[in-house]
Amino acid sequence: MARGKKDNKPKLRIIPLGGLGEVGKNMTVYEYQDDIVVVDIGSIFPREDMPGVDLVVPDATYLEKNADRIRGYLITHGHEDHIGAAPYVLNTLPAPVYGTRLTLALLNHKLKEHRINNIEMNMVEPGDTVQLGAFKVEFIKVSHSIAGACAIVLHTPAGVIVHTGDFKVDYTPIDDQIMDLGRFAELGKKGVLCLLADSTNVEHPGYTMSERTVGETFNSYFPKANGRIIIAMFASNVHRIQQVVDAAVRYRRKVCLVGRSMINVSQVAMQLGELHIPEGRLFPIDEIDRFADDEVVVITTGSQGEPMSGLSRMAFAEHKKLEIRPSDTVIVSATPIPGNEKSVSRVINQLVRTGANVIYEALAEVHVSGHAKREELKLIHALTKPRYFIPIHGEYRHLKHHANLAISMGMDEKRTLVVDNGDVIEVSESSMHTAGTVQSGAVLIDGLGVGDVGAVVLRDRKKLSTDGMLIVVMGIDHELGEVVSGPDIITRGFVYMREADELLEGARNAAIRALGTYDRIEPNDWNHLKNDVRDAVQKYIYDTIKRNPMILPIVVEI
């Protein structure tokens, strides 16, 4: 907290709804009096303790309560952790969206998949400004691992806010469009009230290597490969796809795209002129057997070990069209997102078992990050010279290290603030402090269900996945008020019934003893009866084999 002379002007409010204490799910609300703008609408991969969940998006309850004040959504770039939640948020909270050409194209494709067609899309170029209520919004070119990435500058009555989005300082980018460091310096000279900057790579010293480094690695492996070359990467890394295509052309190979997202993103990028594949060089996977192995390059999804991705299915011989051969060279051109390490390791181990030549980050420079390391972060701090600083985009340790980096450069510790999702930050020329919290958190997407999977459902799913289920079925005569059928025991994922007769008979007897405490069973007793049966069977199972399956008593009225 920092305090100084009194400032009677209305304060700018900054409310992160995602992206703090986590890598992904980025979403930040900026609020000045009656106007709100939102930067990014991202998603995140589900954790291992979220079985069956497809996607995790921010809780937008606060925006729902203030829907009439939303002037627009500002999208920094087209990665899933910045646009993945858009279909779920924009469907209920529509407002104009602003972003660069590729960003909007990817976002629009995503919305069409969800049959959302009523959103106003506004394309901007780096250097453009738009007025949204009290906010004059400026877009600044930055380098990242996808084309069209921008930092967002909010010119407000309270002062200038710089929101970097994801960035790195690449002096030799693939598109030759260098990050606009001059504009950051100009803003710094005029005065930046608050900087919010990417913290993902703050633990790493030095500078992030240029994307061209990966292209040089591709050029070193392509001439050595005698068989097919299979490269796994993020579908959204259009610049890296371009480098693979360029290497394929150089060494007289044809290119095949595998994976729905890889094909979709590449088609969008080609239509926009962001990806150039010479005519006759691209072929569908159905035609792969027409070409000799040394004429083929496959670009696929699956760099994060996703079970249903192209690379995983190839590795485990589950792909309909393509199976890994010992003569293949497989390049995993990515680094595991935190939480995906085990999945990636599992796929790499299986690829090695096939006998293929497997190249990954530990062996060669086949991946460079899209995020700034410490020296690049220092450069942005030095250029913008912010009065206040809030680290964003990272787990808690990243945020803390980034705050310490700012302090090491001379910033007063009281002018930095490490906050959590849902914290309300009020900032003015004379102060920056937290002023309460709003509802935040995660909404879980399971199929078409949005938010209908909560803590209780996840607990049950985890229990089913670890201890299985035991069902006790009882038929009760409504008129007699007594059990006339069963109790019968059915199990799933608990024990193999044919080899556990004694255990299951004991469970059945435990249920019978619980039923025996009732002289007559009335309909209003059924819930009590089921609880008694559950407790009796659960105690017997635990006392006998020290397991805790889910016990599900079912009463059938006869």
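**Salt bridges, burial and a surface patch**

Reader: Why is the pair Arg71 and Asp35 called a salt bridge?

Author: The closest N and O atoms of Arg71 and Asp35 are 2.7 Å apart. A salt bridge is a side-chain nitrogen of Lys or Arg within 4 Å of a carboxyl oxygen of Asp or Glu, so the pair qualifies. Arg71 sits in strand β5 (residues 70-74) and Asp35 in strand β3 (residues 35-39), so 36 residues separate these distant parts of the chain; helices (H or I, at least four residues) and strands (E, at least two) are DSSP runs, numbered from the N terminus.

This is a predicted model, in which local features need pLDDT of at least 70 and side-chain atom pairs count only at pLDDT 80 or more, while totals for chains, interfaces and linings use all residues. Residues are numbered from 1 along each chain as its sequence is written, and side-chain values use heavy atoms, with hydrogens and water left out.

Reader: What makes Arg71 partly exposed, and why is Asp35 called buried?

Author: Buried means under 20% relative accessible area, exposed over 50%, partly exposed in between (1.4 Å probe, protein chains only). Arg71 has 27% and therefore counts as partly exposed, whereas Asp35 has 13% and counts as buried.

Reader: How do you know that Asp175 and Lys141 form a salt bridge, and what does the pair tie together?

Author: The N to O distance is 3.5 Å, so the pair meets the cut-off for a salt bridge. Asp175 lies in the loop between β11 (159-163) and α5 (181-190), and Lys141 in strand β9 (residues 135-141), so parts that are 34 residues apart in sequence are tied together. Asp175 is partly exposed because its relative accessible area is 22%; Lys141, at 10%, is buried.

Reader: What separates Asp543 and Lys539?

Author: Both are in helix α15 (residues 526-545), 4 residues apart, so about one helical turn separates them. Asp543 is partly exposed at 44%, and Lys539 is exposed at 55%. Elsewhere, salt bridges that share partners join Arg13, Glu31, Arg69 and Glu426 into one network.

Reader: How many salt bridges does the structure hold?

Author: The structure holds 22.

Reader: Why is Ala269 called buried?

Author: Its relative accessibility is 0%, so Ala269 counts as buried. Ala269 is in helix α8 (residues 260-272). Not counting residues up to four places away in sequence, Ala269 touches Leu102, Val238, Glu274 and Leu275, where contact means heavy atoms within 4.5 Å. The C-alpha atoms of Ala269 and Ala105 are separated by 8.4 Å, and the two residues are 164 apart along the chain.

Reader: Which residues make up the nonpolar patch?

Author: Leu480, Val484, Leu552, Ile554, Val556 and Ile558 form the patch, with about 470 Å² of accessible area together (Shrake-Rupley method with a 1.4 Å probe; for residues, only the protein chains shown count as cover). Patch residues have over 30% relative accessible area and no salt bridge; like charges are joined within 9 Å, nonpolar side chains (Val, Leu, Ile, Met, Phe, Trp, Tyr) within 5 Å. Val556, in strand β25, has 37% and is therefore partly exposed. Strand β25 (residues 550-557) gives the largest share of the patch, 3 residues.
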